[in-house]
Amino acid sequence: MSDAGRSPKNEDTRARMLDAAERLLSASSDNDVSTRAVCDAVGVGQPVLYRIFGDKNGLLSALVESGFERYVIRKQALETTDDAVADLRNGWDDHMDFALTNRALYRLMFSPTLPQVPAPAGRIFDLLKHTLDRCAAQGALKIPAEEAAQTILSANVGVALSILSQPHRYSDPGLPHRVRDAVFSSCLVDTCAPVHGEDPVLSSTLQLEARLQLPGHSPLGQEETALMLKWLRHLRQR
(Lines give C-alpha, C1' and ligand atoms only; values in the text may rest on other atoms or scores of the structure.)
Protein backbone atom coordinates (compact mmCIF):
# COMPACT_ATOMS: atom_id res chain seq x y z
CA MET A 1 0.00 0.00 0.00
CA SER A 2 1.32 3.49 -0.84
CA ASP A 3 2.01 6.05 1.89
CA ALA A 4 -0.97 8.01 0.67
CA GLY A 5 -3.19 5.01 1.27
CA ARG A 6 -1.97 4.42 4.80
CA SER A 7 -4.62 6.52 6.51
CA PRO A 8 -5.59 5.66 10.12
CA LYS A 9 -8.89 4.30 8.78
CA ASN A 10 -7.15 2.05 6.25
CA GLU A 11 -4.64 0.87 8.86
CA ASP A 12 -7.49 -0.01 11.22
CA THR A 13 -9.32 -1.86 8.47
CA ARG A 14 -6.13 -3.68 7.53
CA ALA A 15 -5.54 -4.77 11.14
CA ARG A 16 -9.13 -5.98 11.51
CA MET A 17 -8.92 -7.94 8.28
CA LEU A 18 -5.70 -9.64 9.36
CA ASP A 19 -7.29 -10.51 12.70
CA ALA A 20 -10.35 -11.91 10.95
CA ALA A 21 -8.21 -13.88 8.50
CA GLU A 22 -6.25 -15.46 11.35
CA ARG A 23 -9.41 -16.38 13.27
CA LEU A 24 -11.02 -17.89 10.18
CA LEU A 25 -7.84 -19.75 9.29
CA SER A 26 -7.67 -21.24 12.79
CA ALA A 27 -11.28 -22.41 12.53
CA SER A 28 -10.85 -23.81 9.01
CA SER A 29 -10.88 -27.55 8.47
CA ASP A 30 -8.74 -27.34 5.34
CA ASN A 31 -6.22 -24.67 6.44
CA ASP A 32 -7.63 -22.17 3.97
CA VAL A 33 -9.67 -18.99 4.12
CA SER A 34 -11.76 -17.15 1.55
CA THR A 35 -11.50 -13.44 0.87
CA ARG A 36 -15.30 -13.17 0.97
CA ALA A 37 -15.43 -14.65 4.47
CA VAL A 38 -12.77 -12.20 5.66
CA CYS A 39 -14.67 -9.25 4.20
CA ASP A 40 -17.96 -10.44 5.67
CA ALA A 41 -16.36 -10.80 9.10
CA VAL A 42 -15.12 -7.20 8.97
CA GLY A 43 -18.22 -5.81 7.26
CA VAL A 44 -16.58 -4.47 4.09
CA GLY A 45 -16.80 -5.29 0.40
CA GLN A 46 -14.14 -7.31 -1.41
CA PRO A 47 -12.87 -4.25 -3.33
CA VAL A 48 -11.59 -2.96 0.03
CA LEU A 49 -9.51 -6.12 0.50
CA TYR A 50 -8.12 -5.89 -3.02
CA ARG A 51 -7.24 -2.22 -2.55
CA ILE A 52 -5.33 -2.94 0.69
CA PHE A 53 -3.72 -6.32 -0.06
CA GLY A 54 -3.91 -6.66 -3.83
CA ASP A 55 -5.33 -10.18 -3.79
CA LYS A 56 -5.67 -13.26 -1.56
CA ASN A 57 -1.96 -14.02 -1.78
CA GLY A 58 -1.25 -10.49 -0.62
CA LEU A 59 -3.55 -11.00 2.36
CA LEU A 60 -1.88 -14.27 3.33
CA SER A 61 1.60 -12.78 2.86
CA ALA A 62 0.67 -9.91 5.16
CA LEU A 63 -0.67 -12.40 7.69
CA VAL A 64 2.59 -14.36 7.57
CA GLU A 65 4.64 -11.20 8.02
CA SER A 66 2.49 -10.20 10.99
CA GLY A 67 3.01 -13.65 12.51
CA PHE A 68 6.79 -13.39 12.21
CA GLU A 69 6.75 -9.89 13.71
CA ARG A 70 4.79 -11.19 16.71
CA TYR A 71 7.18 -14.10 17.05
CA VAL A 72 10.21 -11.79 17.05
CA ILE A 73 8.64 -9.55 19.71
CA ARG A 74 7.92 -12.63 21.80
CA LYS A 75 11.51 -13.85 21.45
CA GLN A 76 12.94 -10.47 22.39
CA ALA A 77 10.84 -10.51 25.56
CA LEU A 78 12.32 -13.80 26.79
CA GLU A 79 14.53 -13.51 29.86
CA THR A 80 18.28 -13.49 29.22
CA THR A 81 20.26 -15.19 31.98
CA ASP A 82 23.96 -15.82 32.62
CA ASP A 83 23.48 -19.39 31.33
CA ALA A 84 23.39 -19.18 27.54
CA VAL A 85 22.69 -22.92 27.15
CA ALA A 86 19.68 -22.67 29.46
CA ASP A 87 18.46 -19.71 27.40
CA LEU A 88 18.93 -21.78 24.23
CA ARG A 89 16.90 -24.62 25.71
CA ASN A 90 14.19 -22.20 26.80
CA GLY A 91 14.16 -20.73 23.28
CA TRP A 92 13.51 -24.18 21.74
CA ASP A 93 10.65 -24.83 24.16
CA ASP A 94 9.18 -21.38 23.53
CA HIS A 95 9.27 -22.02 19.78
CA MET A 96 7.27 -25.21 20.31
CA ASP A 97 4.77 -23.37 22.53
CA PHE A 98 4.27 -20.70 19.85
CA ALA A 99 3.66 -23.41 17.23
CA LEU A 100 1.17 -25.33 19.35
CA THR A 101 -0.79 -22.24 20.39
CA ASN A 102 -0.86 -20.75 16.87
CA ARG A 103 -1.26 -23.92 14.84
CA ALA A 104 -2.82 -22.64 11.63
CA LEU A 105 -0.75 -19.47 11.55
CA TYR A 106 2.47 -21.40 12.22
CA ARG A 107 1.82 -23.81 9.35
CA LEU A 108 1.24 -20.86 7.06
CA MET A 109 4.37 -19.06 8.32
CA PHE A 110 6.62 -22.03 7.55
CA SER A 111 4.83 -23.25 4.42
CA PRO A 112 7.24 -24.19 1.59
CA THR A 113 4.73 -22.74 -0.91
CA LEU A 114 5.31 -19.14 0.22
CA PRO A 115 6.31 -17.08 -2.84
CA GLN A 116 8.62 -14.97 -0.69
CA VAL A 117 9.87 -15.22 2.90
CA PRO A 118 9.19 -11.94 4.72
CA ALA A 119 12.08 -9.97 6.17
CA PRO A 120 11.11 -10.53 9.85
CA ALA A 121 11.69 -14.27 9.33
CA GLY A 122 15.42 -13.57 9.13
CA ARG A 123 15.31 -12.03 12.58
CA ILE A 124 14.41 -15.44 14.03
CA PHE A 125 17.68 -16.85 12.72
CA ASP A 126 19.62 -13.79 13.91
CA LEU A 127 18.20 -14.04 17.44
CA LEU A 128 19.04 -17.74 17.62
CA LYS A 129 22.57 -17.12 16.36
CA HIS A 130 23.03 -14.38 18.96
CA THR A 131 22.23 -16.90 21.71
CA LEU A 132 24.60 -19.41 20.11
CA ASP A 133 27.34 -16.76 19.96
CA ARG A 134 26.88 -16.42 23.72
CA CYS A 135 27.11 -20.21 24.06
CA ALA A 136 30.35 -20.16 22.06
CA ALA A 137 31.76 -17.39 24.27
CA GLN A 138 31.08 -19.62 27.27
CA GLY A 139 32.90 -22.55 25.62
CA ALA A 140 29.71 -24.52 25.07
CA LEU A 141 29.74 -24.87 21.25
CA LYS A 142 31.60 -27.54 19.32
CA ILE A 143 30.58 -26.35 15.83
CA PRO A 144 30.39 -22.78 14.45
CA ALA A 145 27.36 -20.76 15.57
CA GLU A 146 26.09 -20.35 11.99
CA GLU A 147 26.03 -24.12 11.47
CA ALA A 148 24.48 -24.70 14.89
CA ALA A 149 21.73 -22.17 14.13
CA GLN A 150 20.91 -23.90 10.84
CA THR A 151 20.80 -27.28 12.57
CA ILE A 152 18.69 -26.20 15.54
CA LEU A 153 16.17 -24.03 13.72
CA SER A 154 15.53 -26.58 10.96
CA ALA A 155 15.00 -29.30 13.58
CA ASN A 156 12.77 -27.07 15.71
CA VAL A 157 10.57 -26.19 12.73
CA GLY A 158 10.59 -29.78 11.48
CA VAL A 159 9.35 -31.36 14.69
CA ALA A 160 6.74 -28.62 15.13
CA LEU A 161 5.35 -29.10 11.61
CA SER A 162 5.35 -32.90 12.05
CA ILE A 163 3.23 -32.58 15.17
CA LEU A 164 0.86 -30.08 13.55
CA SER A 165 0.43 -31.91 10.24
CA GLN A 166 0.32 -35.50 11.60
CA PRO A 167 -0.82 -35.24 15.23
CA HIS A 168 -1.85 -38.92 15.45
CA ARG A 169 1.54 -40.17 14.29
CA TYR A 170 3.53 -37.68 16.37
CA SER A 171 1.42 -37.72 19.52
CA ASP A 172 4.12 -38.39 22.14
CA PRO A 173 4.42 -35.23 24.29
CA GLY A 174 8.06 -36.10 25.02
CA LEU A 175 9.06 -35.98 21.34
CA PRO A 176 10.06 -32.27 21.21
CA HIS A 177 12.39 -32.69 24.20
CA ARG A 178 13.99 -35.85 22.78
CA VAL A 179 14.64 -34.13 19.46
CA ARG A 180 15.91 -31.04 21.27
CA ASP A 181 18.36 -33.03 23.38
CA ALA A 182 19.58 -35.06 20.39
CA VAL A 183 20.14 -31.95 18.28
CA PHE A 184 21.78 -30.03 21.10
CA SER A 185 24.17 -32.91 21.73
CA SER A 186 25.43 -32.55 18.15
CA CYS A 187 26.08 -28.84 18.60
CA LEU A 188 27.01 -28.36 22.25
CA VAL A 189 29.92 -29.52 24.35
CA ASP A 190 28.97 -32.04 27.02
CA THR A 191 30.18 -30.32 30.17
CA CYS A 192 29.41 -33.33 32.35
CA ALA A 193 31.44 -35.94 30.47
CA PRO A 194 34.02 -35.32 27.71
CA VAL A 195 33.11 -36.85 24.39
CA HIS A 196 35.80 -39.09 22.89
CA GLY A 197 36.98 -37.78 19.55
CA GLU A 198 35.87 -34.20 20.20
CA ASP A 199 38.38 -31.62 18.95
CA PRO A 200 39.49 -29.46 21.90
CA VAL A 201 41.29 -27.05 19.56
CA LEU A 202 38.08 -26.37 17.61
CA SER A 203 36.08 -25.80 20.80
CA SER A 204 38.70 -23.40 22.18
CA THR A 205 38.97 -21.60 18.84
CA LEU A 206 35.22 -21.08 18.67
CA GLN A 207 35.17 -19.78 22.24
CA LEU A 208 37.98 -17.27 21.67
CA GLU A 209 36.50 -16.15 18.35
CA ALA A 210 33.10 -15.54 19.94
CA ARG A 211 34.54 -13.69 22.93
CA LEU A 212 36.61 -11.37 20.73
CA GLN A 213 33.44 -10.37 18.88
CA LEU A 214 31.50 -9.50 22.03
CA PRO A 215 31.40 -5.72 22.61
CA GLY A 216 34.14 -4.64 25.00
CA HIS A 217 35.72 -8.10 25.34
CA SER A 218 38.73 -7.75 23.02
CA PRO A 219 41.93 -6.44 24.64
CA LEU A 220 43.28 -5.74 21.14
CA GLY A 221 42.79 -2.82 18.82
CA GLN A 222 40.36 -2.99 15.92
CA GLU A 223 42.96 -4.02 13.33
CA GLU A 224 44.63 -6.52 15.66
CA THR A 225 41.24 -8.04 16.54
CA ALA A 226 40.36 -8.38 12.85
CA LEU A 227 43.68 -10.11 12.18
CA MET A 228 43.23 -12.45 15.15
CA LEU A 229 39.72 -13.36 13.99
CA LYS A 230 41.09 -14.08 10.50
CA TRP A 231 43.67 -16.51 11.90
CA LEU A 232 41.14 -18.16 14.21
CA ARG A 233 38.75 -18.79 11.32
CA HIS A 234 41.63 -20.15 9.27
CA LEU A 235 42.57 -22.44 12.17
CA ARG A 236 39.10 -23.94 12.58
CA GLN A 237 38.73 -24.47 8.82
CA ARG A 238 42.02 -26.33 8.51
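Residues are numbered from 1 along each chain as its sequence is written, and side-chain values rest on heavy atoms, with hydrogens and water left out. Because the model is predicted, local features need pLDDT of at least 70 and side-chain atom pairs count only at pLDDT 80 or more, while totals for chains, interfaces and linings use all residues.

The pockets come first. A pocket is an open set of points on a 1 Å grid over the protein atoms alone, where a 1.4 Å probe fits and protein lies on both sides within 12 Å along at least five of seven lines; its lining residues have an atom within 4 Å of a point. Grid points are joined across faces, edges and corners, and a volume is the space filled by probe spheres set on the points. The largest pocket holds about 400 Å³ of space. It is lined by 21 residues, and K75, L78, G91, L127 and T131 are the closest to its centre. Helices here are DSSP runs (H or I, at least four residues), numbered from the N terminus. At least two lining residues come from each of α4 (56-76), α5 (84-101), α7 (120-137) and α8 (145-165). By type, the lining has nine nonpolar, eight polar and four charged residues, where Asp, Glu, Lys and Arg count as charged, Ala, Val, Leu, Ile, Met, Phe, Trp, Tyr, Cys and Pro as nonpolar, and the others, Gly among them, as polar.

The second largest pocket holds about 350 Å³. Its lining has 17 residues, with R107, L108, S111, T113 and L114 nearest the centre. Here α4 and α6 (103-109) each give at least two residues.

Helix α4 deserves a look of its own.

Finally, N102 sits in the loop between α5 and α6. N102 counts as buried because its relative accessibility is 15%. Its side chain makes a polar contact (N or O atoms within 3.5 Å, one able to donate a hydrogen and the other to accept it; residues adjacent in sequence count only if both atoms are side-chain atoms) with the side chain of T101 at 3.2 Å. The N102 side chain also reaches the backbone oxygen of F98 at 3.0 Å. Leaving aside residues up to four places away in sequence, N102 touches E22 and R70, with contact meaning heavy atoms within 4.5 Å.

Notes: Buried < 20%, exposed > 50% of the residue type's maximum accessible area, 1.4 Å probe, protein only.
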